[in-house]
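Good morning, and thank you for coming.

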Amino acid sequence: MKRILIVGAGGQIGSELTTYLRKIYGASNVVATDVRECGKLAEGGPFEVLNALDAKAMSSVVERYKIDAIFNLVALLSAVGEKNPQTAWNINIGALMNALEVAREYGCALFTPSSIGAFGPTSPKDKTPQDTIMQPTTIYGVCKVTGELLGNYYFRRYGVDTRSVRFPGIISNVTLPGGGTTDYAVEIYYEAIKAGRFTCPVPGDVYMDMIYMPDALRACVELMEADPARLVHRNSFNLASMSFTPEIIYAEIRKRIPSFEMTYEIDPVKKAIAESWPNSLDDTCAREEWGWKPEWDLSRMTDDMLEVIREKYRSEVAV
Ligand code: VAH
């Protein structure tokens with residue numbers, strides 16, 4: 001990768017991936033784009049307002065900046081997608097089709113994340129295999145499976161260098177997530193610091209795979225820099241790091257903040273989605289084909305999250 005385009009740079013992954021890639025490849029070599037202005041991203045390097053549904057505009061950016069790798073991060077997430085499935089399909093698949101076509105036309109590599117949300121209730125729940133039944137029950141998951149199939153097709157039919165990982169729920173302390181079922185695992189840290197109490201929308205015994213943002217960012221680069229000859233899978237790779245329930249993360253925070261209290265107000269949509277997803281993934285293929293290995297666990301992540309958030313909200317800190 002030499003000159004990189006990030007589509008949807010203003011979201012939870014994109015806002016941090018932009019900074020991370022600019023540090024590695026040079027700020028002027030990473031063009032951040034989003035459908036709306038993003039001041040902070042424009043401060044650190046080239047930024048353009050780009051509607052990912054406008055194929056001509058995307059081609060123009062790729063041509064003008066001589067892009068050789070595209071990160072397509074445009075997605076309406078699982079819970080928000082259920083409020084308007086047609087819009088979710090139009091945006092998620094419309095943006096992806098444009099990215100695939102532009103990548104094909106200009107010979108760019110293309111990274112498009114998939115998700116544990118690509119699995120459904122008929123997928124094996126524990127240590128979900130890389131290759132197995134995928135019948136998601138959300139429009140988000142349908143979009144992710146479609147995206148994986150399209151990535152595979154464009155690689156086999158046109159030789160486009162498509163790459164992808166099935167992200168767990170991503171936990172970060174920079175940009176708040178928006179509209180995901182795993183958002184609770186970010187919000188709980190903020191509320192532990194700011195309010196000392198948290199109302200959880202997901203049942204306390206439901207496991208979901210999660211990953212800390214530093215590991216997620218490193219996975220993006222390591223996969224995109226991997227030797228293509230070693231890659232067997234071009235649809236998407238299971239990526240595993242940690243798997244926990246709300247009760248487990250609550251207990252981990254209480255080790256550090258004994259006064260922290262959590263109650264439940266179950267969101268029926270998030271409950272149904274969370275229960276349809278795997279408890280844990282088998283990421284053997286990612287480890288064997290491009291050397292994936294997580295570096296953050298729940299304890300180390302909790303220390304870091306609480307430290308950074310406490311610093312961020314020093315004036316508002318409850319505990
Ligand atoms: C969501 N954060 O909850 C996203 C993610 C694995 C979950 O895809 O929809």
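Predicted model: local features only at pLDDT ≥ 70, side-chain atom pairs only at ≥ 80, totals over all residues.

Let us begin with the ligand. Which residues are around it? They are Leu77, Ser78, Ser115, Ile116, Tyr140, Phe167, Pro168, Gly169, Gly180, Thr181, Thr182 and Trp277. Sorted by class, this shell consists of six nonpolar and six polar residues, with no charged residues. Two domains contribute to the shell: domain 1, covering 4-169 + 212-238, and domain 2, covering 170-209 + 242-318, each supply at least three residues.

In Ser78, a polar side-chain atom is placed 2.6 Å from a ligand oxygen. In Ser115, an N or O atom of the side chain is 3.0 Å from an oxygen atom of the ligand. With Thr181 the backbone is involved: one of its N or O atoms lies 2.7 Å from a ligand oxygen. As for exposure, the ligand taken alone exposes 270 Å², and the protein buries 95% of that.

I now turn to the sheets. In general, the strands of a sheet pair through backbone hydrogen bonds, in either a parallel or an antiparallel manner.

Strand S6 is joined by two bridges to strand S8, residues 165-167, and the two run parallel. Within this pairing, Ser114 has Arg166 in S8 as its bridge partner.

Another open sheet also has three strands, ordered S9-S11-S13, and here the pairing is mixed. Strand S9 (169-171) and strand S13 (242-244) are at the edges; each has a single partner strand, so one side of each is left without a neighbour in the sheet. On average, and ignoring direction, neighbouring strands of this sheet are turned by 40° against each other. Strand S11, residues 208-212, is connected to S13 by three bridges, and this pair runs antiparallel. Opposite Met210 stands Met242 in S13.

That concludes my presentation.

Terms used
Residues numbered from 1 in each chain as written. Heavy atoms only, no water. Near = heavy atom within 4 Å. Polar contact = N/O pair within 3.5 Å; in protein donor to acceptor, adjacent residues only side chain to side chain. Areas by Shrake-Rupley, 256 points an atom, 1.4 Å probe, with all protein chains shown as cover. Nonpolar A, V, L, I, M, F, W, Y, C, P; charged D, E, K, R; others polar. Domains from an automatic or database assignment. Pairing = 2+ DSSP bridges. Helix = DSSP H or I, 4+ residues; strand = E, 2+ residues; numbered from the N terminus. Axes fitted to C-alpha atoms, helices over the stretch in contact; angles between N-to-C directions.
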